[in-house]
Amino acid sequence: MWKVPLSDIRFDSEESNAVLNVLESGWLTMGSVTQQFEEDVKAYVGVKNAVAVSNATAALHLACLIAGVGPGDEVILPALTFVATANAVRYTGATPVFADIEGEDSLNISPSSIEAKITEQTKAIIVVHYGGYACDMHAIMQIAQRNNLLVIEDAAHAIGSSLDGRMLGTWGQTGCFSFFSNKNMTTGEGGMIITNDDAAAERLRHLRSHGMTTLTWDRHKGHAWTYDVVGLGYNYRIDEIRSSLGIVQLSKLNYYNEKRRSLTNFYREQLRRLIPEIGLPFLNHPGLSACHLFPVLLPDTVDRKKTMDGMKANGIQTSIHYPPIHHFAAYRSTETQETLLPVTEKIANRELTLPLYPAMSKDDVKLVVQSLQTSLHPA
Ligand SMILES: *Cc1c(COP(=O)(O)O)cnc(C)c1O
């Protein structure tokens with residue numbers, strides 16, 4: 001239907017075989033395949049603990065609980081993110097407090113805005129590495145240390161991204177990855193929470209499965225015959241089918257991410273040459289990005305909806321990342337005072353996300369750029 005969709009996934013016989021092997025094994029949830037998936041992520045990211053969960057929203061919820069976030073607390077996060085980031089805070093009974101983004105060059109949360117939002121009630125900061133581009137982690141970790149706050153990284157876009165050689169997701173107390181269908185690697189639905197804090201990891205393992213001290217798998221293996229329940233937990237488990245997909249997808253991730261980076265560079269070359277009035281965020285951004293999204297900024301005067309419709313007529317799918325959370329009905333009503341985010345307001349209205357996925361060709365990129373050009377400047 002689309003000539004160039006926003007994103008696209010390709011599986012081959014490696015994924016099919018992995019899934020078939022699980023089906024034939026007769027063990028479908030939280031067993032040796034999930035353990036292997038966790039080991040692989042640990043090794044890839046360079047972190048002491050990785051706990052696989054049902055999705056990144058669950059990961060973020062557990063990350064908040066581990067940080068001690070609860071009723072009466074405030075958690076600072078950007079409004080320019082997927083609603084899951086803020087929902088996770090509200091699941092704990094705490095209040096999300098939105099901070100502004102940096103500006104046209106970086107759509108990430110602004111360290112100075114974080115500082116301005118800190119109160120007596122602030123417990124934690126959730127950073128979101130927009131599109132896989134690193135937040136200013138040096139400044140943010142300093143602010144957190146000075147104010148005794150914990151940092152949670154929403155790294156849903158950022159598996160394989162790094163800053164100064166250190167992987168994103170390993171800077172804060174916890175890092176959360178998403179393996180949803182449109183992310184850089186996918187298990188359909190799935191997520192992983194990583195931490196270098198062993199005690200936190202043990203609690204995460206309990207919280208993931210009803211607060212139970214042993215798993216069905218351990219009992220099956222004869223390692224345990226009963227269990228205790230040590231706290232209020234959840235069913236946030238992942239299954240072996242998804243984990244088997246994850247193992248294969250992770251083995252292809254560097255190749256995929258490299259493709260995304262090279263397509264991003266090609267987009268930028270084309271756009272600077274052909275449509276110089278288009279703003280290119282993260283152009284000289286520090287670190288290595290997983291290039292999950294390709295966001296551009298339309299000129300102030302351009303009607304975004306018209307541009308998207310024009311591109312749609314050419315078979316090109318575009319999107320918006322994101323409608324700022326504080327504008328949603330479910331969030332407007334939770335506001336105790338007006339949220340003032342001047343930079344987010346100004347820039348979010350101009351953001352347009354162009355198609356980006358590893359199987360895209362340079363010709364596809366040219367087609368998208370051409371379509372954007374004609375939509376902006378109709379003959
Ligand atoms: C996708 C996404 C999530 C949620 O991930 P799920 O695995 O779908 O729960 C959270 N935050 C951001 C920034 C995302 O893009």
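The shell of residues around the ligand comprises, by class, seven nonpolar, seven polar and two charged residues. These values are computed from a predicted model. Of the 16 residues around the ligand, those that come nearest are Thr57, Asp154, His157, Ser178 and Lys183.

| Residue | Protein atom | Ligand atom | Distance |
|---|---|---|---|
| Ala56 | polar backbone atom | oxygen | 2.8 Å |
| His157 | polar side-chain atom | oxygen | 2.8 Å |
| Ser178 | polar side-chain atom | oxygen | 2.7 Å |

Each of these pairs counts as a polar contact because the limit for two N or O atoms is 3.5 Å. His157 and Ser178 contribute through their side chains, whereas Ala56 contributes through its backbone.

How much of the ligand's exposed area does the protein bury? Taken alone, the ligand exposes 380 Å², and the protein buries 93% of that area. The ligand sits in the largest pocket. Two elements give two or more residues to the shell around the ligand, namely α3 (56–66) and α4 (83–91).

The report now turns to salt bridges. A search of the whole structure finds 13 of them.

Definitions and conventions:
Residues numbered from 1 in each chain as written. Predicted model: local features only at pLDDT ≥ 70, side-chain atom pairs only at ≥ 80, totals over all residues. Heavy atoms only, no water. Near = heavy atom within 4 Å. Polar contact = N/O pair within 3.5 Å; in protein donor to acceptor, adjacent residues only side chain to side chain. Areas by Shrake-Rupley, 256 points an atom, 1.4 Å probe, with all protein chains shown as cover. 1 Å grid on protein atoms, 1.4 Å probe; cavity = no way out; pocket = protein on both sides within 12 Å on 5 of 7 lines; lining within 4 Å. Sits in = over half its atoms within 2 Å of the grid points. Helix = DSSP H or I, 4+ residues; strand = E, 2+ residues; numbered from the N terminus. Nonpolar A, V, L, I, M, F, W, Y, C, P; charged D, E, K, R; others polar. Salt bridge = Lys/Arg side-chain N within 4 Å of Asp/Glu carboxyl O.
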